[in-house]
Amino acid sequence: MNDGSGFAARGGWWVAAQLVAFGVVVASLLWAPERGVPAIVAALGWVLVIAGGGLAIDGVIQIRGHLTAYPAPLDHGKLVEHGSYRMVRHPIYGGLVIGVVGLAVASGNLVALVAGLVLGAFFYAKSGFEETLLEDKYVDYPQYQRRVTRRLIPWLL
């Protein structure tokens, strides 16, 4: 009997796929060839790393005890609308993507850049699934979506 609290019902396959995606990103950062880039490009990459890290860290701080790897919200969870959640609905995902893209740019690693963009597409899809669960759990979620129109990356996506 499936009571809705099982691995699949909570979005466990998304978590498994996320682990694979992170493995691909790490492998691309460690083993793909890097190319020399101009100092200004490397600096831009590091700015992205810092910005992405800040966005993700703030997302973790703001959501605190309600954080879960699963897309399904925790039973005791609450809708967080402050901090980075005022700019994007999924700042942790967005921050990770920005950071990976930044590392790829800073090192001139084209394989890692592609992996970062694929990670962005993955998180966009995962967050779409997650949002259906959030709409079911929080009656105010549709209003929050109308106020905060960006899903992952401020001013962009």
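User: Hi! Is Trp14 buried, exposed or partly exposed?
Analyst: Trp14 counts as partly exposed, because its relative accessibility is 25%. Buried means under 20% relative accessible area, exposed over 50%, and partly exposed in between (1.4 Å probe, protein chains only). This is a predicted model, where local features need pLDDT of at least 70, side-chain atom pairs count only at pLDDT 80 or more, and totals for chains, interfaces and linings use all residues. Residues are numbered from 1 along each chain as its sequence is written, and side-chain values use heavy atoms, with hydrogens and water left out.

User: Thanks! How many aromatic pairs does the structure hold?
Analyst: There are eight aromatic pairs. Rings of Phe, Tyr and Trp (its six-membered ring) pair if their centres lie within 6.5 Å; planes under 30 degrees apart count as stacked, over 60 as edge-to-face and the rest as tilted. One of the pairs is Trp14 with Phe122, which is tilted, at 5.6 Å centre to centre and 50 degrees between the planes.

User: Where do Trp14 and Phe122 sit in the chain?
Analyst: Trp14 is in helix α1 and Phe122 in helix α4 (residues 110-137), so this pair links distant parts of the chain, 108 residues apart. Helices (H or I, at least four residues) and strands (E, at least two) are DSSP runs, numbered from the N terminus. Phe122 counts as buried, at 15% relative accessibility. Phe122 also forms a tilted aromatic pair with Phe123, 5.6 Å centre to centre with 55 degrees between the planes. Phe123 is buried too, with a relative accessible area of 0%.

User: Which residues form the aromatic cluster?
Analyst: Trp14, Phe22, Tyr93, Phe122, Phe123 and Phe129 make up one cluster.

User: Switching topic: how many salt bridges are there?
Analyst: The structure holds two. A salt bridge is a side-chain nitrogen of Lys or Arg within 4 Å of a carboxyl oxygen of Asp or Glu. In one of them, the side chains of Arg147 and Glu81 meet at 2.0 Å, N to O. Arg147 lies in helix α5 (residues 141-147) and Glu81 in the loop between α2 and α3 (91-107), so the pair ties together parts that are 66 residues apart in sequence. Arg147 counts as exposed at 52% relative accessibility, whereas Glu81 is partly exposed at 30%.

User: And which residue does Arg89 form a salt bridge with?
Analyst: Arg89 pairs with Glu131, and their closest N and O atoms are 2.6 Å apart. That pair links distant parts of the chain, with Arg89 in the loop between α2 and α3 and Glu131 in helix α4, 42 residues apart. Both Arg89 and Glu131 are buried.

User: What does the charged end of Arg10 sit over?
Analyst: The charged end of Arg10 sits over the ring of Tyr70, 3.9 Å from the ring's centre. Here, a charge sits over a ring if NZ of Lys or CZ of Arg is within 6 Å of the ring centre and within 35 degrees of the ring normal. Arg151 lies over the face of Tyr124, at 3.9 Å from the ring centre.

User: Last one: what does Gly116 touch?
Analyst: Leaving out residues up to four places away in sequence, Gly116 touches Val97, Val100 and Val101. Contact means heavy atoms within 4.5 Å. Gly116 is found in helix α4 and counts as buried, at 0% relative accessibility.
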